[in-house]
Amino acid sequence: MGHVLEKVLADVCARWFRLKGDEVRFQIGTDEHGIKIQRTAEKEKLSPQDLVDRNVPLFQELYKKLNVSADVFIRTTDQKMHWPTVEALWKKLQDSGALEKRSYTGLYCQGCERFLTKKELVDGKCPIHLTPPEEVTEQNWFFKLKEQETWLKKILKDEYKIIPDFRAKETLSLLDQGLEDVSFSRPKTSLAWGIPVPDDTEQVMYVWCDALTNYISGLGYFTDHAESKFWDDATVTHVIGKDIARFHALIWPAMLKHAGVKIPDQLLIHGFLTSDGQKMSKSLGNVVHPPEVLEHFKGNPDPLRFYLSHEIPVGNDGDFSWERIDALYNSMLRNNIGNLLNRVLTLITKEGGDMQLDTKQSGVETWEAFAKDMDAMNISDAIRHPAALADESNKLFNDRAVWKLETAEKKVQLSFVAERLRHIALMLLPFIPDTAQKISKQLGVSYADKMLDKDFTIDAWKGWGADKKWTKVGTPEILFAPLEEAK
RNA sequence: CGCGGGGUGGAGCAGCCCGGUAGCUCGCAAGGCUCAUAACCUUGAGGUCGCAGGUUCAAAUCCUGCCCCCGCAACCA
């Protein structure tokens, strides 16, 4: 579920900037190397490659169902697109003197097949296997991170913006505690499943140089540079989980510095999801699988997208609960927005279906505030603007008792609310694209068919009464069906 | 003294940076409306804002101390 939060968050941002007319390159991917994959494959009697080839399409499928509008999906096992960049980067690091081969001595547990830290030990023994670990020495390539401390402090203050703020502070305090050099490779004997170190047949790259590099390998870096303008001339934003934040904040810019590549501009760090207030874990049996949520809403990704956007302030941990998502679906989507659309359209249709919009006074004042929140990626705040507008419109509908008015005035009032709904749909477009389009289609606006195209922009449509060709509304349909008896 | 987040009506949260009638969603109660997806609108009940001190004319909001919950503690993704 965590990765879904991340992809939806990134997708909402990507869609927003596209809608603003920016050129956007939205990349996601999978890190498919490492000892865990290797071991799982052994257990299942598969080759590691077969294992990831089986699993990765499942993720891709899921993202597609969630309407994640990624332009590129990078797999770290992709030897054509990914590996050449990684190898080139490694060499650049080596040439710049950032890498050094050293021997590393650690406490190795045979049962776990990995090094343990002193703090993990209980009475000097591995807590899982209850055996004392042995001292093992192996050769590793190390990346000299420590010497970048001062530089990192500087760029984290001035150039590399971490969102939210408290994470930036956290990272800086991490720097104050001092950095260690980082192991960048493993002997083939302990890690076979990875990218071989160039010119060193005994060593395989460890995760950092491999996985982090996906951001630029997807742009053709060091090879054909096909899309490198999306790095060099763009605002680069990484969207990641708090668990890997420090590596993105520290190791990655240091690597880029050595390679002579621009450092990223922003690091958006999101929190984790709990399930009914508890950490999701297999032993507790409270893990929520995204496909279940999709199925719960009949394959419609929008309730989940809306939930994640609405309930979880960017950067904080959030909670997933079936009760909450149902409640939000009913109150916001169904009763507030869906019902408003329906009552308006039904009445307009009874009056012949014509729009009679008074274009003199605007009924939408929230675009500026909305755009400000979106630009700052405060998506949980941003999404409240269209919701509030719908809320207000329901009130207005009652206050003015629109259904009782005389025909002429009734048409004007109905058109007023319909026009508001047009704006609501535009604001919702980054969050729940399918629904936003459905609303627009029912309203009958002229651009409804084009809304989901990647080159659709909203600027021309933000004005009050901007859609001059809009004269008639479409047929009202139920936007969000009632939920069946809850699970 | 490891680091960070949090403790606000029954539930989930906002407000705290930039002190001054405690707000939102859900739930609950009463009323209204009937255009609409038993939806929509209004009103109400319910909070000593974790605890204890301090600053101030005034503190949920600033300062100090304490208690409780939750993550992370570095190569392990």
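Residues 24 or more positions apart account for 74% of the contacts in chain A with a separation of 6 or more, where contact means heavy atoms within 4.5 Å. The model is predicted: local features need pLDDT of at least 70, side-chain atom pairs count only at pLDDT 80 or more, and totals for chains, interfaces and linings use all residues. Residues are numbered from 1 along each chain as its sequence is written, chains are lettered from A and ligands numbered from 1 in the order in which they are written, and side-chain values use heavy atoms, with hydrogens and water left out.

Chain A contains 18 helices and 14 strands. These are DSSP runs numbered from the N terminus (helices H or I, at least four residues; strands E, at least two). The C-alpha trace spans about 90 × 50 × 40 Å along its principal axes. Of the 487 residues, 53% count as buried, that is, under 20% relative accessible area with a 1.4 Å probe and protein chains only.

The domain assignment gives domain 1 (2–271) and domain 2 (323–486). Such bounds come from an automatic or database domain assignment. The C-alpha centres of the two domains lie 42 Å apart. Their contact takes 17 residues from domain 1 and 16 residues from domain 2.

The largest nonpolar core has 95 residues. A core is a set of buried Ala, Val, Leu, Ile, Met, Phe, Trp, Tyr and Cys residues joined through side-chain atoms within 4.5 Å. Helix α13 supplies the largest share of this core, 13 residues. Domain 1 and domain 2 each contribute at least three residues. The residues with the most contacts inside the core are Leu-304, Leu-308, Phe-320, Leu-428, Phe-431, Leu-443 and Phe-456. Leu-308 touches Val-4, Leu-5, Val-8 and Leu-273, not counting residues up to four places away in sequence. A second, separate core of 50 residues includes Ala-88, Ala-98, Ile-216 and Ala-249.

Leu-443, listed above for its core contacts, belongs to helix α18. Eight of the 11 residues of α18 (residues 433–443) are buried, so this helix is largely enclosed by the rest of the structure. Besides Leu-443, the buried set comprises Pro-433, Thr-435, Ala-436, Gln-437, Ile-439, Ser-440 and Gln-442. The buried residues of α18 pack against α1 (2–19), α12 (302–311), α13 (322–350) and α17 (407–428). Just after α18, Gly-444 takes a positive phi of about 90°.
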